[in-house]
Amino acid sequence: MLKWYLHTADAAQGWINPAEDRVPLTPASDDVSPLTFSDYDAAVDWAEREHANLLQAVRTAADAGQDRLAWQLATVLWNAQFPSASGTSWPPVGRIGLEAAELLGERAAQGALHTYLGMAYTRINRQAESLESHENALTIRRDLDDRLGEARSLNLIGLNHLRARRLDTAARHFEQAISAFHEQDAAHWAATALSNLATTHYRAGRLPEAATAIDQALAAHRTLNDQRGEGNILRVLSDVQREQGDIEASLASAQAALDIALNLRSLRLEGFWLLTLGDARQANGQYAEALTSYQRSATLHRRLADRSREALAWQGVGEVYRRLGRHAEAADFHRQAASTHRDLDDEWHQALALDGLASAVLGENPEAARRHWAEALRLIADFSDPRAVAVREAIERRLAETS
């Protein structure tokens, strides 16, 4: 049965995550034929049905001393897990697979499993462990002179710095990755890293630079027929269009991204891109629709164990309630978001939530509002990008106006 899973799960890789790492797998038996699927939906259906069995198969292989099979199954399962699998399900078997690969001295497999663990830890907001895993993968890939793998690790390390708002460091990693991907003729990964660079420019408040990178990345993803990549860059495009005042275009881009997520049957992408649609709807005055987007996003992210993005959804709900004059309810959601971001050591988003909380309680408790604004200023004092400077100046003005 374990041999059958190795073949069938390997066959599913190309359907579900076609651009992930590929570590060569030697067939477990010549008399077992790989399973094939008629289309993407059939592959996802199979992955959903067999997910629990595959998780157990990794443990069974390790318990039986089949170390090679254990790391192979763990590697395959990362690629063959269905798009909406909980973020908490794979890391335990990923660690089993890594230990098995270490016992056998399989360095390429170790590099891939460190990469997968880094990605998995990011999904559940364990950023320190994510960075350590990606740096381990980078070391291994440099030792193996794996230039493509090295570029992938640089891109993923950049994403870790992006989440932590170390924006200049993130941009440097993405630029290095883009250059290396071009050297390796890896068009898909070059487009992915370029999308990440666009996101970095946007979050730093450098909209012209973001727009240039977005145009290039969107064209590349469409040329490659990469739906996931196209949806991701449409999300960033929507944000830029919204901030530039083109709300109708922002709505259209966000809805197009969400349609792709639904087509891919990915609750993870749906939940994330609903945040952008919620922002566009809020900017357009569609408050009921924005609340629906945020609340659906929060529900999905709770299911996926992504507390950071769940808190971003609650922040959106708080903003809508504040616009509607429902200040007590707004304060509750901002407070909840600030608490979660504090637990995750996310000072930037904690500060934004405190800014919203201060505005929500200002009418009832000006002293509390001033405390929240003062704390927000303390949290973002060390950020120097244009967006951070603008946010800091805005909070300082609000604080001065209420003193």
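**Figure 1. Trp-348 and Phe-383 are both buried in this predicted model.** The ring centres of Trp-348 and Phe-383 are 5.7 Å apart and the ring planes meet at 80 degrees; an angle over 60 counts as edge-to-face, so this pair is edge-to-face. Trp-348 belongs to helix 17 (residues 347–361). Phe-383 lies in the loop between helix 18 (366–379) and helix 19 (386–401), and the two residues are 35 apart in the chain.

**Figure 2. Two arginines lie over aromatic rings.** The charged end of Arg-165 is placed over the ring of Trp-348, 3.7 Å from its centre. Arg-387 lies over the face of Tyr-202, and its distance from the ring centre is 4.7 Å.

**Figure 3. Trp-78, Trp-90 and Tyr-116 make up one aromatic cluster.** Seven aromatic pairs are found in the whole structure. In the pair of Trp-78 and Trp-90, the ring centres are 4.9 Å apart and the planes are at 65 degrees, so the pair is edge-to-face. Trp-78 is in helix 3 (residues 67–80), while Trp-90 is in the loop between helix 3 and helix 4 (91–104), 12 residues away. Trp-78 has 1% relative accessibility and counts as buried; Trp-90 is buried too, with a relative accessible area of 1%.

**Figure 4. The largest nonpolar core contains 111 residues.** Trp-90, Leu-113 and Phe-181 have the most contacts inside this core. Helix 2 (residues 40–63) supplies the largest share, 10 residues. A second, separate core has nine residues, among them Ile-247, Leu-251, Leu-258 and Leu-300.

**Figure 5. Contacts of Phe-181.** Beyond its neighbours within four places in sequence, Phe-181 is in contact with residues including Leu-148, Arg-152, Asn-155 and Trp-189.

Key: Residues are numbered from 1 along each chain as its sequence is written. This is a predicted model: local features need pLDDT of at least 70, side-chain atom pairs count only at pLDDT 80 or more; totals for chains, interfaces and linings use all residues. Side-chain values use heavy atoms; hydrogens and water are left out. A nonpolar core is a set of buried Ala, Val, Leu, Ile, Met, Phe, Trp, Tyr and Cys residues joined through side-chain atoms within 4.5 Å. Buried means under 20% relative accessible area, exposed over 50%, partly exposed in between (1.4 Å probe, protein chains only). Helices (H or I, at least four residues) and strands (E, at least two) are DSSP runs, numbered from the N terminus. Contact means heavy atoms within 4.5 Å. Rings of Phe, Tyr and Trp (its six-membered ring) pair if their centres lie within 6.5 Å; planes under 30 degrees apart count as stacked, over 60 as edge-to-face and the rest as tilted. A charge sits over a ring if NZ of Lys or CZ of Arg is within 6 Å of the ring centre and within 35 degrees of the ring normal.
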